[in-house]
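Please read this report alongside the sequence and the three-dimensional view shown here.

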Amino acid sequence: MNKLNDTCSMSKRLTCKICGDKEVQMVFIPCGHAVSCVSCSQSVVICIICRAPINARVKFFLTSNFPELAELN
Ligand SMILES: [Zn+2]
Ligand SMILES: [Zn+2]
């Protein structure tokens, strides 16, 4: 834990694996991968990580209290 200044500002934000632009905000059900922003999640029918069929998509919010939520995969 030394010199955190460089990495702290962009800390745990995940970028959408599909558009590479927006922030990851959706979790695929049932596989549980969180790799997509809201708009991209509408256009995929299988998970881009494990290729499991997506039955539902759940929006989640990252908070500083639960940083581990960013590492669901
Ligand atoms: Zn996206
Ligand atoms: Zn998956």
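## Zinc ion (ligand 2)

In this predicted model, the zinc ion (ligand 2) is coordinated by Cys 31 (SG), His 33 (ND1), Cys 47 (SG) and Cys 50 (SG), at 1.9 to 2.3 Å; donors are N, O and S atoms within 2.8 Å of the metal (3.2 Å for Na, K and Ca), and because water is not among the atoms, sites may look incomplete. The arrangement is tetrahedral because the 4 donor atoms subtend angles of 104 to 116 degrees, the criterion for four donors being that all angles lie between 85 and 135 degrees. Ideal angles for four tetrahedral donors are 109.5 degrees.

In sequence, the donor residues of the zinc ion (ligand 2) follow the spacing C-x1-H-x13-C-x2-C. Cys 31 lies in the loop between strand 1 and helix 2, and Cys 50 in the loop between helix 2 and strand 2 (56–59), so the pair ties together parts that are 19 residues apart in sequence; helices (H or I, at least four residues) and strands (E, at least two) are DSSP runs, numbered from the N terminus. Cys 31 counts as partly exposed at 27% relative accessibility, and Cys 50 counts as partly exposed at 38%, where buried means under 20% relative accessible area, exposed over 50% and partly exposed in between (1.4 Å probe, protein chains only).

## Zinc ion (ligand 1)

The zinc ion (ligand 1) has Cys 16 (SG), Cys 19 (SG), Cys 37 (SG) and Cys 40 (SG) as its protein donors, lying 2.3 to 2.4 Å from it, and its site is tetrahedral, with angles of 101 to 118 degrees among the 4 donor atoms. The donor residues are spaced C-x2-C-x17-C-x2-C in sequence. Cys 16, in the loop between helix 1 (5–8) and strand 1 (26–29), and Cys 40, in helix 2 (residues 38–41), are 24 residues apart and link distant parts of the chain. Both Cys 16 and Cys 40 are buried.

## Annotation

In an unreviewed entry, UniProt lists residues 16–51 for "domain: RING-type", and such annotations may be inferred rather than shown by experiment. Over residues 16–51 the chain is 11% helix and 11% strand, with the end C-alpha atoms 16 Å apart.

## Conventions

Residues are numbered from 1 along each chain as its sequence is written, while chains are lettered from A and ligands numbered from 1 in the order in which they are written. Local features need pLDDT of at least 70 and side-chain atom pairs count only at pLDDT 80 or more, whereas totals for chains, interfaces and linings use all residues, and side-chain values use heavy atoms, with hydrogens and water left out.

Technical notes. Four donors count as tetrahedral if all angles lie between 85 and 135 degrees; four count as square planar and six as octahedral if opposite donors are over 155 degrees apart and all others between 65 and 115; anything else is irregular.
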